[in-house]
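Subject: Structure for you to look at

Hello,

Here is the structure I said I would pass on. Please open it next to this email and follow along.

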Amino acid sequence: MSTPPSEPSLDAFEERLRRLPLRERKKLRTRRAIQDHALRLFAEQGYDATTVEQISAAAEISPSTFFRYFPTKEDVVIEDEYDPVLAEVFRAQPPELSPIEALRATLRDVFPIVYERESAALFARTRMMVEVPALRARMFDSMRTGTLTVINGFVAERSGRDPADPEVQAFSWAVLGVLQAAMYSWLDSGGELDLPGLVDRNLAFLAAGLPL
């Protein structure tokens, strides 16, 4: 029988952030400040009516600095800063766990804390990604070039395969599929359902071979 996961701790999460290199921590703080100002302006003015110049002025940075952190205006909604923490937690999983088990344990450890910290902002960002055409298109590109790459790296590292291996790629797309299913269920509920629980349930279903 597997040992049930311990309750996630915000203090433990903050400690993981503090263990990141100073340069990385500074970058994360700047990214978060830019994103916070952007989301506030989007809520006040609408996404299309808000410019990069307005976001930069609110964050007290130059537009060129904005683009060092976010390649496009769309990315300020789509991207987040949790990949370094996810990578650390994933690599700390017991070696006997399969890739899907290690990924599920990682998200079970990290995602409830992320959700507790910023569920309202996460819902606002996700709803914008679905409702704004430019964001929908960028979200798909980001999945291919960002999220898929991260999952590929995790799975390849754990399985000893190349990230370009077709089976690694297929596995990663399957993971993305069940994550997307959880996200849309959550959105359709108006944010009432427990998103971390949906994610864990869907990953467990994938790990079981999607039995119907």
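A residue counts as buried when its relative accessible area is under 20%, as exposed when that area is over 50%, and as partly exposed in between, using a 1.4 Å probe and protein chains only. The model is predicted, so local features need pLDDT of at least 70 and side-chain atom pairs count only at pLDDT 80 or more, while totals for chains, interfaces and linings use all residues. Residues are numbered from 1 along each chain as its sequence is written, and side-chain values use heavy atoms, with hydrogens and water left out.

E118

E118 lies in helix α7, residues 99-131; helices here are DSSP runs of H or I with at least four residues (strands are runs of E with at least two), numbered from the N terminus. With a relative accessible area of 11%, E118 is buried. Contact means heavy atoms within 4.5 Å. Setting aside neighbours within four places in sequence, E118 is in contact with R32, Y82 and R125.

D75

Helix α5, residues 75-78, holds D75. Is D75 buried or exposed? D75 is buried, because its relative accessible area is 0%. Its side chain makes a polar contact with the side chain of T72, at 3.0 Å. A polar contact is a pair of N or O atoms within 3.5 Å; within protein, one must be able to donate a hydrogen and the other to accept it, and residues adjacent in sequence count only if both atoms are side-chain atoms. Apart from neighbours within four places in sequence, D75 is in contact with F70 and R138.

I55

I55 belongs to helix α3, residues 52-59, and is buried, with a relative accessible area of 0%. Not counting residues up to four places away in sequence, I55 touches I34, A38, L41, F42, T50, F66 and K73. From I55 to S185 there are 130 residues in sequence and 31 Å in space, C-alpha to C-alpha.

Helices α6 and α8

Helix α6 (residues 83-91) packs against helix α8 (residues 133-159) at an angle of about 15°, and their axes are 11 Å apart. Axes are lines fitted to C-alpha atoms, for helices over the stretch in contact, and angles run from 0 to 180 degrees between N-to-C directions. The contact is made by D83, L86, A87, F90 and R91 of α6 and V150, F154, E157 and R158 of α8. Those residues divide into five nonpolar, no polar and four charged; Ala, Val, Leu, Ile, Met, Phe, Trp, Tyr, Cys and Pro count as nonpolar, Asp, Glu, Lys and Arg as charged, and the others, Gly among them, as polar.

Regards
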